[in-house]
Amino acid sequence: MVPLARRMLFRDRGRLLVTVTGLGSTVSLILFLLAVYDGVRDGTTNYVRTAVIDLWVCQKNANNLIKSSSFVPASRAGEISGIPGVLGAAPLMRIITRARISQRDTSTLFILAFDPRTRIGEPASVAEGTPRLARHEIILDRSFAQKYGLAIGSVLHIQETPFRVAGISEGTNALLAQFAFVRIDDGEELLGIPGIASFILVRLAPGANVRQVSDAVRRLDDRLTVFTRDEFVANNLAEIQTGVLPIFGAIIVFGAIVCGLVIALMLYSSVLERREDYATLKALGASQRYLLRLIVVQSIAGSLSGFVCGLIVTAATTPVLLHFAPSVTVHYTLPAGLIVFAGSILISVLGAAVPIQLLRRIYPAEVFRA
């Protein structure tokens with residue numbers, strides 16, 4: 001069966017090439033979108049996951065770092081530090097502002113201002129430079145730095161204040177905005193309102209009871225709410241999954257539909273052109289089940305060829321795309337590749353449904369048509 005399916009598939013090589021190229025392009029798009037999807041998820045939650053923080057204290061009704069407003073007195077950090085079981089506490093200020101890189105280039109930065117004395121809240125993913133900041137120094141996300149050609153020692157202006165780049169972090173790209181880090185005294189200067197923080201970050205002593213510490217924090221001020229690191233990560237992930245990520249999911253679904261339609265169209269036209277061949281096979285005694293398997297094998301072969309082509313296209317085009325769009329972070333993972341592979345097999349089987357229906361209407365007597 002396989003040799004026959006291969007001969008029928010390769011008889012019209014031009015059409016096969018166009019089909020495989022179309023499938024490969026669609027597979028490449030799906031792989032790229034899945035990689036961007038994983039990149040956004042990682043970039044949005046990486047700081048919360050990796051920073052050495054056990055509890056996040058924020059204003060009630062605020063539950064994430066990305067899309068909720070929280071204002072708490074920075075002095076609460078000192079009060080929380082005195083709670084039994086607390087190793088240290090420090091304020092964290094969040095500022096969304098514009099940065100001027102040159103006379104022509106400006107961009108939005110998602111600035112997190114941490115306490116340089118306790119170092120609670122400093123990023124754990126500084127790949128270049130140092131997280132130990134002096135006044136008017138800043139840590140930038142690598143994607144942001146690459147986009148604007150910035151490096152250690154470069155200077156950018158935030159609210160007309162020059163900031164020297166002292167560090168480059170990785171995994172801090174939320175796609176729509178990139179994280180940056182400054183000292184909290186610089187953050188107060190930028191915000192213009194001293195004594196206000198967005199969050200209080202808490203480190204617990206080994207063996208501390210999380211529930212007891214959380215209850216003690218709430219008793220200090222009933223307007224505060226407390227989340228563990230895992231809870232806060234989940235909140236941030238849920239927020240991004242209800243925002244931009246569903247758009248990627250919808251595009252991926254449409255891409256899968258396109259793949260199925262391309263396969264169905266290729267096989268449908270193939271069956272139409274070779275009605276006499278299939279009629280001859282039926283006249284020679286080939287069973288309906290055999291012919292159905294013949295169609296499915298062709299469909300799977302075409303789909304797998306498209307998958308391999310998609311891998312090649314992805315490997316060739318990703319560096320080019322990232323060169324022109326450095327603010328996009330992609331994470332290609334084996335599970336995502338396996339999902340696309342399994343999806344290709346499933347789509348090939350479903351795509352064979354239409355030509356199979358046409359095959360059922362072919363009769364052996366058609367071989368004797370003039």
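In this predicted model, helix H10 (residues 288–324) and helix H11 (residues 334–351) pack with their axes 8 Å apart and at an angle of about 150°. Because angles over 145 degrees count as roughly antiparallel, H10 and H11 are described as roughly antiparallel to each other. The protein as a whole holds twelve helices and twelve strands, and 48% of its 370 residues count as buried. Where contacts join residues at least 6 apart in sequence, 80% of them link residues at least 24 apart.

**Packing of H10 and H11**

- Two packed helices are described by the angle between their axes and by the distance between those axes.
- The crossing in which H10 passes H11 is right-handed, and the angle between the two helices is about 150°.
- On the H10 side the contact is made by Ser299, Ile300, Ser303, Leu304 and Phe307, which meet Gly337, Val340, Phe341, Ser344, Ile345, Ser348 and Val349 of H11.

**Aromatic pairs and the aromatic cluster**

- A search through the whole structure finds nine aromatic pairs, and one of them joins phenylalanine 144 to tyrosine 148 with 5.0 Å from centre to centre and 50° between the planes, a tilted arrangement.
- Both phenylalanine 144 and tyrosine 148 belong to helix H4 (residues 142–148), where they are four residues apart, about one turn of the helix.
- Phenylalanine 144 has a relative accessible area of 1% and is therefore buried, and tyrosine 148, at 18% relative accessibility, also counts as buried, because the cut-off for this class is under 20%.
- In a further pair, the ring centres of phenylalanine 227 and phenylalanine 232 lie 6.1 Å apart with their planes at 45°, so this pair is tilted.
- Phenylalanine 227 and phenylalanine 232 are both buried, and they belong to one aromatic cluster together with Tyr47, Trp56, Phe181 and Phe199.

- Valine 233 is placed in helix H7 (residues 229–241) and, with a relative accessible area of 15%, is buried.
- Once neighbours within four places in sequence are left aside, valine 233 is in contact with Thr45, Val48 and Arg49.
- Of these residues, arginine 49 is 184 residues from valine 233 in sequence, while the two C-alpha atoms are 6.4 Å apart in space.
- Asparagine 235 also has its place in helix H7, and at 18% relative accessibility asparagine 235 counts as buried.
- The separation of asparagine 235 and asparagine 64 is 171 residues in sequence but 5.6 Å in space, taken from C-alpha to C-alpha.

**Loop residues and backbone angles**

- Arginine 119, although not a glycine, has a positive phi of about 65°, and this residue lies in the loop between strand S4 (106–114) and strand S5 (126–129).
- With 23% relative accessibility, arginine 119 counts as partly exposed.
- Histidine 136 is a residue other than glycine whose phi is likewise positive, with a value near 60°, and its place is in the loop between S5 and strand S6 (137–141).
- The relative accessible area of histidine 136 is 27%, and histidine 136 is therefore partly exposed.
- Serine 102 is found in the loop between strand S3 (86–100) and S4, where serine 102 is partly exposed with a relative accessible area of 27%.
- Along the chain, serine 102 and leucine 156 are 54 residues apart, and their C-alpha atoms are separated by 7.4 Å.

Key: Residues are numbered from 1 along each chain as its sequence is written. This is a predicted model: local features need pLDDT of at least 70, side-chain atom pairs count only at pLDDT 80 or more; totals for chains, interfaces and linings use all residues. Side-chain values use heavy atoms; hydrogens and water are left out. Rings of Phe, Tyr and Trp (its six-membered ring) pair if their centres lie within 6.5 Å; planes under 30 degrees apart count as stacked, over 60 as edge-to-face and the rest as tilted. Buried means under 20% relative accessible area, exposed over 50%, partly exposed in between (1.4 Å probe, protein chains only). Axes are lines fitted to C-alpha atoms, for helices over the stretch in contact, and angles run from 0 to 180 degrees between N-to-C directions. Angles under 35 degrees count as roughly parallel, over 145 as roughly antiparallel, 65 to 115 as roughly perpendicular and the rest as oblique. A crossing is left-handed if the near helix is turned anticlockwise from the far one by less than a right angle, and right-handed if clockwise. Contact means heavy atoms within 4.5 Å.
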